[in-house]
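Hello,

Here is the structure I promised to pass on. Please open it first, then read my notes below.

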Amino acid sequence: MRHIPAPKPEQLRVLYLTANPRIWDEDESGDLIETRIRVDKEVSDVRAEVRSALHRDSIEIDHWPAATPLDLLRGLTDKKPHVVHFSGHGGGKALEFDNGSLDSPEGVEVQFEHLARALGATSDPPRVLVLNACDTLDGADVLLAAVPVVIATTTEISDLAANLFATVFYRAIASGLSVRVAIDQARFAIDTLAGGHGDVIASVTREDVDLDALVLVEPT
């Protein structure tokens, strides 16, 4: 009798959106300066950590750089991700996507209420939304209409802290640990290696979600 192998567990699909448009801010003297963040370095480090994790073949990270609002829709439709991750600028209950222009790479603000509509405009909504940008917890409750778990930041987050959050979080996830443990490990890394304030990482969930029981990666 011919042996038919059992199907492998489904890979965890992560849609990793990064945007680093031209953003202007004021320095201590009140002069305008262009703010740039190391989102590409973050993705490179996350991939390196996942490659060395216990269940590295059980997670697929699909990076979309210079992501526009339409890229979000394309990624949801084409990839059907379990996790949607955004790294870039945030605040004011909004994210700054790229405008896709070569001549004038300014940001496109997407309010959380509109983001929720985009995340819900799919037959296979994601299970987790990660917002690795400054001050994204405020107003995040509206996103729960589309996704059961939102991981966000309570205030500003430095490049170093954002990098540590992402790399430690995804290594823990790729090692088969729960979302709660992955968040706790990321907080510890920020506390010890980025000058403290690990509680900048927070989460909101639907009432029926238990982060301690939520394990996103099954071993292949």
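Helices H2 and H3 are roughly parallel to each other, because the angle between them is about 25° and anything under 35 degrees counts as roughly parallel. Keep in mind that this is a predicted model. H2 covers residues 69-79 and H3 covers residues 112-120. Their axes lie 9 Å apart. H2 passes H3 in a right-handed crossing.

Which residues meet there? On the H2 side they are Leu72, Leu73 and Leu76. On the H3 side they are Leu115, Ala118 and Leu119. By class, this contact has six nonpolar residues, no polar ones and no charged ones.

Next, the sheet. Three strands form an open sheet in the order E6-E7-E8, and the pairing is antiparallel. Which strands stand at the edges? They are E6 (89-90) and E8 (107-111). Each of these has a single partner strand, so one side of each is left without a neighbour in the sheet.

E7 spans residues 94-98. Five bridges join E7 to E8, and the two run antiparallel. Across that pairing, glutamate 96 stands opposite glutamate 109 in E8. H3 comes back into the picture here: H3 packs on the sheet and touches E7 and E8. The direction of H3 makes about 80° with that of E8.

H4 (residues 159-174) and H5 (residues 179-193) cross at roughly 145°. Their axes come within 8 Å. The crossing of H4 and H5 is right-handed.

The contact between H4 and H5 involves these residues:

- From H4: Leu160, Ala161, Leu164, Phe165, Val168, Phe169, Ala172 and Ile173.
- From H5: Val179, Ala182, Ile183, Gln185, Ala186, Ala189, Ile190 and Leu193.

Sorted by class, the H4 contact with H5 has 15 nonpolar residues, one polar residue and no charged residues.

Last, the charged side chains. How many salt bridges does the structure hold? There are seven.

Best wishes

Key: Residues are numbered from 1 along each chain as its sequence is written. This is a predicted model: local features need pLDDT of at least 70, side-chain atom pairs count only at pLDDT 80 or more; totals for chains, interfaces and linings use all residues. Side-chain values use heavy atoms; hydrogens and water are left out. Axes are lines fitted to C-alpha atoms, for helices over the stretch in contact, and angles run from 0 to 180 degrees between N-to-C directions. Helices (H or I, at least four residues) and strands (E, at least two) are DSSP runs, numbered from the N terminus. Angles under 35 degrees count as roughly parallel, over 145 as roughly antiparallel, 65 to 115 as roughly perpendicular and the rest as oblique. A crossing is left-handed if the near helix is turned anticlockwise from the far one by less than a right angle, and right-handed if clockwise. Contact means heavy atoms within 4.5 Å. Ala, Val, Leu, Ile, Met, Phe, Trp, Tyr, Cys and Pro count as nonpolar, Asp, Glu, Lys and Arg as charged, and the others, Gly among them, as polar. Two strands pair if DSSP finds at least two bridges between them. A salt bridge is a side-chain nitrogen of Lys or Arg within 4 Å of a carboxyl oxygen of Asp or Glu.
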